[in-house]
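Visitor: Could you walk me through the charged pairs and ligand surroundings in this one? I'd like to look at the picture first.

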Amino acid sequence: MQTSFTLAQLADPDIAEADKILRACVHCGFCTATCPTYVMLGDELDSPRGRIYLIKDMLENDRPATADVATHIDRCLSCLSCMTTCPSGVHYMHLVDHARAHVHETYRRPPLDRAMRAFVARVMPDPKLFRWSLLGAFFAKPLAPVLDFFGLDRLAAMLRLAPATFPPRGERGPRVVPAQGARRGRVALLTGCAASVLTPEINAAATRVLTRHGIEVVLAKGEGCCGALVHHMGRRDDALASARANVDAWMREIRGAGLDSILVTASGCGTMIKDYGHMLRGDPQYAESAKTVSVLARDVSEYISQINVLSARSGPPMVVAYQAPCSLQHGQKITRQPKEMLSKSGFVVKDVPDGHLCCGSAGTYNVLQPQLARALRDRKIANIAKVAPDVIAAGNVGCITQIAAGTEIPVVHPIELIDWATGGPMPGALRRPGNTV
Ligand code: SF4
Ligand code: SF4
């Protein structure tokens, strides 16, 4: 694609990056077929190619975002399915990240939209505030239809997404969990933000699996939200502040007792941390450290596959529908490892038809775009039902929350099943009353 940025515009490294990405696009349109919003809405402007044109036009003319541009960019899930499909290697993720920041900085949203976004950006990355808001949502859940009636569909979506039972408080705070037996490795595990409140059992299971197999686990002092939630809302400075805080926390460990890897159990966060090197490339104080952190970042399934500690066993005779999170399959290109880990542990693993399409979770998308998110979730659940699973496994808290809100089939993280198969407790979702597994 030809571009016409001026030399003055190209002096801005972000514009120079956008220019490089735009030039790679040959507008073949292959990406449209695998874009969930194009599949659902059939509008070219809600396809990757259409958005690329909108972004090009906005950036080349140095124009503030219009309401129309904001609408089409907002509807993008950042699922990155288009990147998997694109034959020309267009780095859509970096392009849309830049566009979201431009929208945030140049477009004044309607007051209700602004208030909602400010609330989500303040509450979700803060575990304390998020826990309180979850408590409120838990009791207000029955009011969701009333909010819908008054057109407050985003608030209604928040209530519907709140778990049916209030999550137990997990063990919090920095600590080191020693390896059982001879130590064969030392890793940091991201505690993060919303995941630590919604599903503390996932990191607890990961810690048990790792320490059981000789890996020391560090929960580093000072780490917190990876920044993805605010990054996807275009709040670049907030996202960079989170990234810097995490880089500082892990570099202290790297320079101290050392780390083999930095593990993440929520693939949305993993994709973000693997991008810290790019995000902070222009910051002389952080560029090198951020690159080090990104190089060490691993999804937990990737690490377990890499160190090859699981031995083949016959596990519970259960059919697991493997729901591949977009951030894992498209963002990190990890497709094989979670399924291999489950098969090796004795589970019967089935792929979900149309598995490349997002479940509609996508960070804060299911709150900010509730109708589209719900349609995608229903489509996903219908596809999952085709493989008649006993349990659904997804390596991302967002997918787990989104899918669990629409089905009675238990939804767990793969690492919880591995923990169970290697001597840990049965996952909580399988122990729910009425569950016959
Ligand atoms: S598939 Fe790639 S090259 Fe083709 S239109 Fe989409 S982004 Fe552009
Ligand atoms: S990231 Fe997903 S929703 Fe956005 S344009 Fe690409 S395929 Fe479509």
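Visitor: Is E216 buried or exposed?

Guide: Buried means under 20% relative accessible area, exposed means over 50%, and partly exposed is in between (1.4 Å probe, protein chains only). E216 has 12% relative accessibility, so E216 counts as buried.

Visitor: Before we go on, what kind of model is this?

Guide: Residues are numbered from 1 along each chain as its sequence is written, chains are lettered from A and ligands numbered from 1 in the order in which they are written, and side-chain values use heavy atoms, with hydrogens and water left out. Local features need pLDDT of at least 70, side-chain atom pairs count only at pLDDT 80 or more, and totals for chains, interfaces and linings use all residues, as this is a predicted model.

Visitor: Which residue forms a salt bridge with E216?

Guide: A salt bridge here is a side-chain nitrogen of Lys or Arg within 4 Å of a carboxyl oxygen of Asp or Glu. For E216, the closest N and O atoms are 2.8 Å apart, and the partner is R186.

Visitor: Where do E216 and R186 sit in the chain?

Guide: R186 counts as buried too, because its relative accessibility is 7%. Helices (H or I, at least four residues) and strands (E, at least two) are DSSP runs, numbered from the N terminus. The pair links distant parts of the chain, 30 residues apart: E216 is in strand β3 (residues 215-219) and R186 in strand β2 (residues 185-189).

Visitor: How far apart are the closest N and O atoms of R109 and D74?

Guide: R109 counts as buried because its relative accessibility is 9%, and D74 counts as buried at 14%. Those two side chains form a salt bridge, with the closest N and O atoms at 2.7 Å.

Visitor: Which residues are linked with R109 and D74 in a network of salt bridges?

Guide: D113 and R117 meet in a salt bridge of 3.0 Å, N to O. They are four residues apart in helix α8, so about one helical turn separates them. Together with R109 and D74, the network links D113, R117 and R154.

Visitor: And ligand 2: which residues are closest?

Guide: A residue is near a molecule if one of its heavy atoms lies within 4 Å of it. By class, the shell has nine nonpolar, three polar and one charged residues. Of the 13 residues that surround ligand 2, the closest are C35, R51, C76, C79 and C82.

Technical notes:
Nonpolar A, V, L, I, M, F, W, Y, C, P; charged D, E, K, R; others polar.
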